[in-house]
Amino acid sequence: MKICVTVKQVPDPNLPLQVDPDTHRLVRNPEQSILDPADEYGIETALRLVEQHGGEVVVVSMGPLAAADALRRGMAMGADRAILITDDALAGSDAPTTARALAAAIRPEQPDLVICAVEATDAYTGMVPGMLAELLDLPQLTFARQVSVEGQTITVHRDVEGGTQVLQTSLPALLTVTASIGEPRYPSFKGVMAAKRKPVDERDVAALGLAPSEVGPAGAKERVRAVELVREEKQGKIVSDDGSGSSVDEIVAFLERIQVV
Amino acid sequence: MATRRVWVWTELAEGAPHRLSLELLTAARGLGEAAAVLLAPAGADALATLGAHGAAVVYHGDDPVYAQYAVEPQVAALAALMQAESPDLVLFPSTFTARDVIARLAARLGLGVIANATSVAYDGDQVVATVPYAGDRVATMTFAAPAPHLVQVRPKSYPVEPVGGQAEVRPVPAGVDPATCRVKIVETIQQEAEGPNLEEANVIVAGGRGLGKAENFRLLEELAKRLGGAVGASRAVVDAGWVPYSYQIGQTGKTVKPTLYIACGISGAIQHLAGMKGSRYIIAINQDPDAPIFENADLGVVGDVLTIVPKLTERLAAR
């Protein structure tokens with residue numbers, strides 16, 4: 001089976017995010033950017049399915065040229081090749097445009113399965129997978145914690161509020177996976193070396209059949225009017241425990257003061 | 001100017017309208033004439049509840065197919081209904097199903113979406129919504145295109161307000177296209193939760209990586225029991241499989257606003273803070289004095305959570 005996995009290079013979530021004061025966009029410094037950890041679960045899922053059923057894994061990303069690093073990381077984990085959608089006109093694109101660009105790149109691949117993270121770790125809107133499913137006319141199986149494929153039938157277990165749901169459809173389909181799917185493999189040295197020789201196929205807006213006027217900020221259906229800093233640090237009290245539980249008095253006094261006990 | 005028509009996409013939880021659906025009826029009432037769209041088999045009680053929370057109209061589709069097949073039958077019916085009725089604004093809650101529906105619907109109708117909104121208002125005929133952004137910022141967003149507009153709203157952005165009232169129920173035309181029945185809902189397994197519901201608890205004791213291992217969650221359960229509270233968790237430990245997803249508090253997961261939140265071994269990643277910083281009081285216990293959670297704490301304790309929590313439980317038990 002052929003699987004396309006969408007991935008994104010995001011600012012390292014362990015570092016503070018920076019915002020450009022003029023454009024209000026996140027500052028995407030390649031030095032401090034990594035393959036979105038949420039995407040590693042999708043790559044892992046794809047690799048496991050291909051190990052079982054045979055086939056090919058293609059990682060697909062939209063981003064600046066430097067996003068090739070994220071694709072290399074995916075290929076170091078084991079993906080076979082990569083597609084990078086990159087064009088200056090795409091900077092500042094919204095979710096619908098991102099989904100259109102990804103759909104245009106993925107459609108000719110005719111994959112059996114498209115796998116996405118539930119949401120990206122930088123913006124958390126989670127809109128692209130559902131939009132992509134619609135544009136590719138694929139059924140969508142979302143928030144999967146467990147996936148199995150038998151013949152043309154794909155079954156997932158998903159976490160829902162208050163329990164678990166089992167969903168089933170026929171391939172081709174689009175899948176979003178949560179971190180419960182399993183620990184992603186760490187790229188081996190051999191994998192890293194091999195990834196350097198694997199192809200990254202670059203596509204610009206023209207190659208995807210999109211007009212520059214319908215992408216980027218010009219094509220966005222939403223506008224940012226203003227961005228305000230709302231950091232409100234509480235001037236709370238900080239105490240140190242000496243290792244014996246000496247702070248418990250302080251905690252009990254606090255609980256009494258707020259009338260919880 | 002004609003009255004604005006604001007719809008709320010609603011869903012059921014155990015046969016009754018979902019709490020987040022009712023929250024959005026409060027928002028919709030404040031913006032214009034509120035209508036609920038419910039595409040699920042439902043009893044008269046459920047429809048009456050929507051009316052009692054401010055829906056002047058309930059568009060109800062009761063085809064059993066909506067409960068048997070995911071997303072696409074809903075999207076087809078909703079798209080047709082929107083094209084026929086031209087609402088100004090459709091609000092969606094932040095739930096799994098709502099996210100699936102809004103994204104697919106937006107792509108079908110070629111509409112934009114504002115997701116994660118914490119407030120929705122009108123400035124003239126422009127929708128303005130506030131959205132948390134880049135951790136410590138709030139973005140004010142609007143749409144570039146004319147109505148209809150789609151906004152997904154975060155939990156607890158609006159209160160549930162039973163205002164009385166009766167909705168006019170308008171049936172959604174029957175006849176679901178079988179081509180939309182692609183994702184079959186084979187089974188739904190309910191998970192029994194113990195103790196008070198996280199979203200309703202007055203006190204929450206939540207744990208993170210700093211607890212070291214899954215077994216140590218027992219310490220939090222004992223403290224929560226003593227305080228009549230519920231136990232929650234950060235995404236890191238849910239991902240690690242220590243506790244089920246239903247425990248997760250944060251941007252993905254639940255949003256909680258208890259009187260007291262005790263964060264145990266939680267560093268305070270942006271993702272977690274988004275779900276709990278509205279708590280009235282926050283106590284943080286963490287080994288690392290530089291943990292960001294301390295910036296949000298009313299009382300911060302730098303120390304070993306595995307020593308402090310059991311001592312605290314013991315002390316409270318002795319009272």
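Reader: Which residues touch the most other members of the largest nonpolar core?

Author: Happy to start there, keeping in mind that this is a predicted model. The largest nonpolar core has 135 residues, and V5(A), V59(A), L132(A) and L91(B) touch the most other members.

Reader: What makes L91(B) count as touching other residues, and which ones does L91(B) touch?

Author: Two residues are in contact if their C-beta atoms lie within 7 Å. Leaving aside residues up to four places away in sequence, L91(B) touches V6(B), V8(B), W9(B), L24(B), A27(B), A28(B), V120(B), V151(B) and V153(B). A second, separate core has 52 residues, among them A206(B), I249(B), A274(B) and M276(B).

Reader: Why is strand 5 of chain B called largely enclosed?

Author: A residue is buried if 20 or more other C-beta atoms lie within 10 Å of its own. Four of the five residues of strand 5 (residues 57–61) of chain B are buried, so the rest of the structure largely encloses this strand.

Reader: How do you know that strand 4 of chain B and strand 5 of chain B pair?

Author: Pairing needs at least two bridges between two strands. Strand 4 (residues 33–39) of chain B and strand 5 of chain B have five bridges, in the parallel sense, so they count as paired. One example is L38(B), whose bridge partner in strand 5 of chain B is H60(B). Strand 5 of chain B also pairs with strand 12 (residues 168–171) of chain B, in the parallel sense over four bridges. There, V58(B) stands opposite V169(B).

Reader: How many residues does each chain bring to the contact?

Author: Chain A gives 67 residues and chain B gives 73 residues. On the side of chain A that touches chain B, strand 12 of chain A has the largest share, with eight residues. That side divides into 34 nonpolar, 18 polar and 15 charged residues.

Reader: What makes strand 13 of chain A and strand 18 of chain B a pair?

Author: The cut-off is again at least two bridges. Strand 13 of chain A and strand 18 (residues 299–302) of chain B have four, in the parallel sense, so they meet it. Within this pairing, V239(A) has V301(B) as its bridge partner.

Reader: What confidence values come with the prediction?

Author: The predictor gives the complex an ipTM of 0.91 and a pTM of 0.88. Chain B averages a pLDDT of 92, and 98% of the residues score at least 70.

Methods:
Residues numbered from 1 in each chain as written. Chains lettered and ligands numbered in written order. Predicted model: local features only at pLDDT ≥ 70, side-chain atom pairs only at ≥ 80, totals over all residues. Core = buried A, V, L, I, M, F, W, Y, C linked by C-beta atoms within 7 Å. Buried ≥ 20, exposed ≤ 12 C-beta atoms within 10 Å, placed from the backbone. Helix = DSSP H or I, 4+ residues; strand = E, 2+ residues; numbered from the N terminus. pLDDT = per-residue confidence, 0-100. Nonpolar A, V, L, I, M, F, W, Y, C, P; charged D, E, K, R; others polar.
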